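This briefing is for a reader new to the structure shown below.

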Amino acid sequence: MSEPIPVPASPQDGGRAQPGIGSERTGPPLWLLLELTYRCPLHCVFCYNPTDFGNVGRELETAEWLRVLEEARALGAVQLGLSGGEPLVRDDLETIVAAARRLGFYTNLITSGVGLTEPRLQALRDAGLDHIQLSFQDSTRRMNDFLSSTRTFELKSRVAALIKKYRYPMVLNVVLHRLNIDHVEDILCMAERMGAEYVELANTQYYGWAWRNREQLLPSRAQVRRAEEVTARFRERVGARMRIFFVVPDYFETRPKPCMNGLGRVFLSIAPDGVALPCQAARMLPGLTFPSVREASVRSIWYDSPAFNHYRGEDWMKEPCRSCPERGRDFGGCRCQAYLLTGDPANTDPVCELSPQHHLVTAAVARAEQHAAKPSSEQPLVFRDYRAGEDKRA
Amino acid sequence: MSSGDRVKESIDAAKRPAMGAGFRLQWEPAQQTHVLLYPEGMVQLNQSAAAILTRCDGARTVADIVADLERTYEMTGLMPDVCTFIAVAVQRTWLELIP
Ligand code: SF4
Ligand code: SF4
């Protein structure tokens, strides 16, 4: 699954500040994400894998993944995400989990559930898997199957039961967009029925396939507000039994998110072919050559490579970020979003209302409002697949 | 897990605190600190939090833990602070109380 992975939680009572945040010194890559494969049996319209993923090189071998784990752990990486594509497509997943756990990683599997049979779950548990995040496209089979373009809803319900049976905390991730955001109540009821302990209602982030489908997926402001209200009421009712996170789509904000807590500060992602990235989406950024773990050590990539150092600190910033008092909080927002919307990744993320290009975001939102008022189907959704991936990225 | 969590129950000193499901406590050399790991997240623990949590092994009672802490740090009267901490930790599901 290629849903957004949250970066480490901010310090709470009983905790201390994270190192590396807001400081000049580069801290360790505390968060390691291995995108083990771009292969996936689903075809989600909101997938943020690159749209040309069919052209990405040969996947890393088991031994190469194990070396990445060892090197990253030695640097201090501790949270591990195993994602994709669908990571269960790899038959060495159990080996990778076992090695990671032995090294002291906290291992998170991020899966659509396709391929998670009881024997495999048993093997993953034996290997020491700490956590599973299961994604749902929607609460109704019809909607779910439409949005993922396969018949997977029943399978996922079965997988959810398995996850409970093996006593994992049950974390559901649902990617929200215009076509399902009105179903939030049903989604939460379903989550409650399945005994979910955490539910992430994450609004689509517009990269990759989601970017191509943005005009079809961006909800209206009223839809977002309704969904938030429903969520708040639900939260009230279930209390601590089920923790619900609602991530507002940043298009509706006036300030950008501190994307990845700043590129190259805590988060390291390795693509299926071994290319190291400071964010899964960063491969699109022009002018940077991201090094591969096939050619360099994780240490030299993290600390020494020009690509990872490029967006550290503030030297790359342009106005208005460069002289903005808030730059230490949001780091100017998302470089990929700045690039996709304005053509220059060093620009202020146009989600920020101080950006001279903020109108690009408000215009997209305005179009979404029109859509909501009068749905049209002139632009078809593009489901993720290899064929569609061959023509050029939007 | 916001700081707005309020503690409602008081803690029975005869109960045995253990790490909650999905939580793992470990020492991180790179951060020179104990951390509490949980699904897709991490909390760095200050010294007193670490001193309490490392003793929550599901075998020792709250009273045992307090006695051990008082011995180790040559202090007295730690019971109220430890109970408050444990109550918050239970509420955040970091800990479970075993009868
Ligand atoms: S197609 Fe869907 S399930 Fe597959 S990687 Fe993309 S978002 Fe995840
Ligand atoms: S101008 Fe830049 S630094 Fe200031 S709030 Fe906007 S995005 Fe953040």
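The second largest cavity has a volume of about 90 Å³. The model is a predicted one, and a search of the whole structure finds 6 cavities of 30 Å³ or more.

**Second largest cavity**
- Its lining consists of A:Cys259, A:Gly262, A:Leu263, A:Arg265, A:Tyr311, A:Arg312, A:Gly313, A:Trp316, A:Met317, A:Phe331, A:Gly333 and A:Arg335.
- Sorted by class, this cavity lining has 6 nonpolar, 3 polar and 3 charged residues.

**Second largest pocket**
- The second largest pocket has a volume of about 580 Å³.
- It is lined by 22 residues, of which A:Tyr168, A:Pro169, A:Glu197, B:Ala21 and B:Gly22 are the closest to its centre.
- The classes in this pocket lining are 9 nonpolar, 5 polar and 8 charged residues.

**Surroundings of ligand 2**
- Around ligand 2 are A:Arg255, A:Pro256, A:Pro320, A:Cys321, A:Cys324, A:Glu326, A:Arg327, A:Asp330, A:Gly332, A:Thr348, A:Cys352 and A:Leu354.
- By class, this shell is made up of 6 nonpolar, 2 polar and 4 charged residues.

**Helix H13 of chain A**
- The buried residues of H13(A) are A:Arg335, A:Cys336, A:Gln337, A:Ala338, A:Leu340, A:Leu341 and A:Thr342.
- After H13(A) comes A:Gly343, which has a positive phi, near 90 degrees.

**Helix H1 of chain A**
- Helix H1 of chain A (residues 62-75) has 14 residues and reaches 20 Å from its first C-alpha to its last, close to the 20 Å expected at 1.5 Å a residue.
- In H1(A), the buried residues are A:Glu64, A:Trp65, A:Val68, A:Leu69, A:Ala72, A:Arg73 and A:Leu75.
- Viewed down the axis of H1(A), these buried residues fall within an arc of 165 degrees, so they line one face of the helix.
- An α-helix has 3.6 residues a turn, so residues three or four places apart point the same way.
- A:Ala63, A:Glu70 and A:Ala74 are exposed and sit on the face of H1(A) turned away from its buried side.

Technical notes: Residues are numbered from 1 along each chain as its sequence is written. Chains are lettered from A and ligands numbered from 1 in the order in which they are written. This is a predicted model: local features need pLDDT of at least 70, side-chain atom pairs count only at pLDDT 80 or more; totals for chains, interfaces and linings use all residues. Side-chain values use heavy atoms; hydrogens and water are left out. A residue is near a molecule or strand if one of its heavy atoms lies within 4 Å of it. Ala, Val, Leu, Ile, Met, Phe, Trp, Tyr, Cys and Pro count as nonpolar, Asp, Glu, Lys and Arg as charged, and the others, Gly among them, as polar. On a 1 Å grid over the protein atoms alone, a cavity is a set of points where a 1.4 Å probe fits but cannot get out, and a pocket is an open set with protein on both sides within 12 Å along at least five of seven lines; lining residues have an atom within 4 Å of a point. Grid points are joined across faces, edges and corners, and a volume is the space filled by probe spheres set on the points. Helices (H or I, at least four residues) and strands (E, at least two) are DSSP runs, numbered from the N terminus. The expected span of a helix is 1.5 Å times one less than its number of residues. Buried means under 20% relative accessible area, exposed over 50%, partly exposed in between (1.4 Å probe, protein chains only). The arc is that of the directions from the helix axis to the C-beta atoms.
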